[in-house]
Amino acid sequence: MEGQSSSGSKRPGTRAGLRPLPMPHGVSQTEAPSKVDSSFQLPAKENAAPVPSEPRITVVTWNVGTAMPPDDVTSLLHLGSGGDDSEGSDMIAIGLQEVNSMINKRLKDALFTDQWSELFMDALAPFNFVLVSTVRMQGVILLLFAKYYHLPFLRDVQTDCTRTGLGGYWGNKGGVSVRLAAFGHMLCFLNCHLPAHMDKAEQRKDNFQTILSLQQFQGPGAHGILDHDLVFWFGDLNFRIESYDLHFVKFAIDSDQLHQLWEKDQLNMAKNTWPILKGFQEGPLNFAPTFKFDVGTNKYDTSAKKRKPAWTDRILWKVKAPSVGPSPSGRESHRLKVTQYSYRSHMEYTVSDHKPVAAQFILQFAYRDDVPLVRLEVADEWVRPEQAVVRYRIETVFARSSWDWIGLYRVGFRHCKDYVAYVWAKHEDVDGNIYQVTFSEESLPKGHGDFILGYYSHTHSILIGVTEPFQISLPTSELASSSTDSSSASSEDEDDSTLELLAPKSRSPSPGKSKRHRSRSPGLARFPGLALRPSSRERRGASRSPSPQSRRLPRMAPDRGNDGSSRGSSEEGPSGLPGPWAFPPPVPRSLGLLPALRLETVDPGGGGSWGPNREAPAPHSLSPSPQGRQGLEEGGLGP
């Protein structure tokens, strides 16, 4: 892979089933950020790889037609194939349309991560990709992933969605978006599902205009979608091929004369006539139309309707024009250049009547923000509990919060809340603006493994500082082994994927609803105290939950330091989540994947479901855990 270190020695963080951590494109392993203060000397296990000089972004769109996900998406994401593929990508955006959104399925997916999102997280985690953000509007889903060592340079992440079906009251059509500042440049990813049929071209234009006008973002940066330095617009845009009949279209496809169809493609024609599309670019359509196929085959529609093939699934981009003025980041946006080096469909996937489409881009930055807001320092290996000390330095421009925390992650973690243990960032002053925190012995994982530390900012809702992988080798006592075996045996025959959503304003390090997501459309009513338990048949093998699984814990309070702070409250391994009084923890699998539905529940004390012989905590109990901290601030844990 381009930019990889040529050294033959094993890099930190490798383990069975995981690849060595690649170096970003255009940098060497010894290159250091240009603006780092040399007076702050850190050891090797400091921050992860430097900022790439030419980041690569992969964009995927797929109308899945309410189908179940396939077993493998490796070829779609170009994983493990080498060359100039997604193994070298720095960010991946995946837009799905027509994910099953029947009422029972929508309710379940509001509480548990949908199977499609789990599939992509499972596929990408071994390649060091972490879920940055996700947004769902009924059957329309947008997932944004990035290599974990790029997270400190991704900030101001926000989402939005706009319904356009049934006059704006139904989300079967519309658009969902994720915006963020990446390496100092404002990017926006917009996934749309526009009206179908040949004669709805004007309605498609009106829907697109509605989406652009209604989606607005907060903060000093770009407010509207087109205000961003770079916009990716993709999805099932549903544009058709005019004039030519079915036989001519199929003849052009079979004889590989696709260029004869380009001039009658509605989107190509609209680029020249619709002012709203000015500046949008698209690569050549050198692949066959992606709609409509008989499910399970590569044959175009043979039903009685015999729909004419069309390029309905598209990926476009737009760079902010220099004439419009300075970019949201304060520099001229013409200094950002975008090159598309791949644009293709994937005929090997037959679960839907649409074929997925993927595009790869290279971004060239004339300037880059390459200084993390927080830099972490940790020893090469923890072999004793007293070595679990983390030092970190905070940049003066960073507005820290009392709700910030530092998480301990296994190599291959899937998202920012997929931690093994955490500790609140209490800012114990060590030397000037250098601080340190300590993980409690009870919270540390036992045994041997490769881990990463990350500083989670409540303000930015993302990890703004990460380390390179380091090792933890702590002995496992006979008592711990016995307890673990007993816990495993007691949970083998019961469902361990029960979930209760946190209150919407929770500041807990466990996943909750995204605070920055806003829906411009009506939402569903609240369901207090709602919890679902999926059947074993619905769990397909190993869990794809975006967070640790629940396990039974002894009923005991978390360890508190001399300063009264919680020093960590997670049990062994990646399967534990902090609970205020160590009741069975919730399994936070939602990640806010359906924020537009606004399904909110109460987590009474951080526990999971209650058995017939288990006593619930007092309703007004305040806890030193994150949930308890919320109660102290807001006067209770209820909605």
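Within the pair, pick Ile-57; its bridge partner in β11 is Phe-361.

Now widen the selection to the whole sheet. It is open and has six strands, ordered β3-β4-β2-β1-β11-β10, with mixed pairing. Go to the edges, where β3 (129–137) and β10 (336–345) each have a single partner strand, so one side of each has no neighbour in the sheet. On average, neighbouring strands here are turned by 15° against each other, direction ignored.

Next, select helix α3, residues 115–124. The helix lies across β1, β2 (91–97), β3 and β4 (140–147), and runs at about 15° to β4. Is α3 largely enclosed, or largely open? Nine of its 10 residues are buried, so the rest of the structure largely encloses α3. Among the buried residues are Trp-116, Leu-119, Phe-120 and Met-121, as well as the polar Gln-115, Ser-117 and Glu-118. At the start of α3, show the side chain of Asp-114: one of its oxygens comes to within 3.1 Å of the backbone nitrogen of Trp-116.

Finally, colour the chain by pLDDT. The mean is 74, and 61% of the residues reach 70 or more. Select residues 1–44, where pLDDT is below 50; this stretch has 90 contacts in the model beyond near neighbours in sequence. Residues 510–639 are also below 50, with 370 such contacts. Where pLDDT is low, the predicted coordinates should not be read in detail.

Technical notes:
Residues numbered from 1 in each chain as written. Predicted model: local features only at pLDDT ≥ 70, side-chain atom pairs only at ≥ 80, totals over all residues. Heavy atoms only, no water. Pairing = 2+ DSSP bridges. Helix = DSSP H or I, 4+ residues; strand = E, 2+ residues; numbered from the N terminus. Axes fitted to C-alpha atoms, helices over the stretch in contact; angles between N-to-C directions. Contact = heavy atoms within 4.5 Å. Buried < 20%, exposed > 50% of the residue type's maximum accessible area, 1.4 Å probe, protein only. Polar contact = N/O pair within 3.5 Å; in protein donor to acceptor, adjacent residues only side chain to side chain. pLDDT = per-residue confidence, 0-100.
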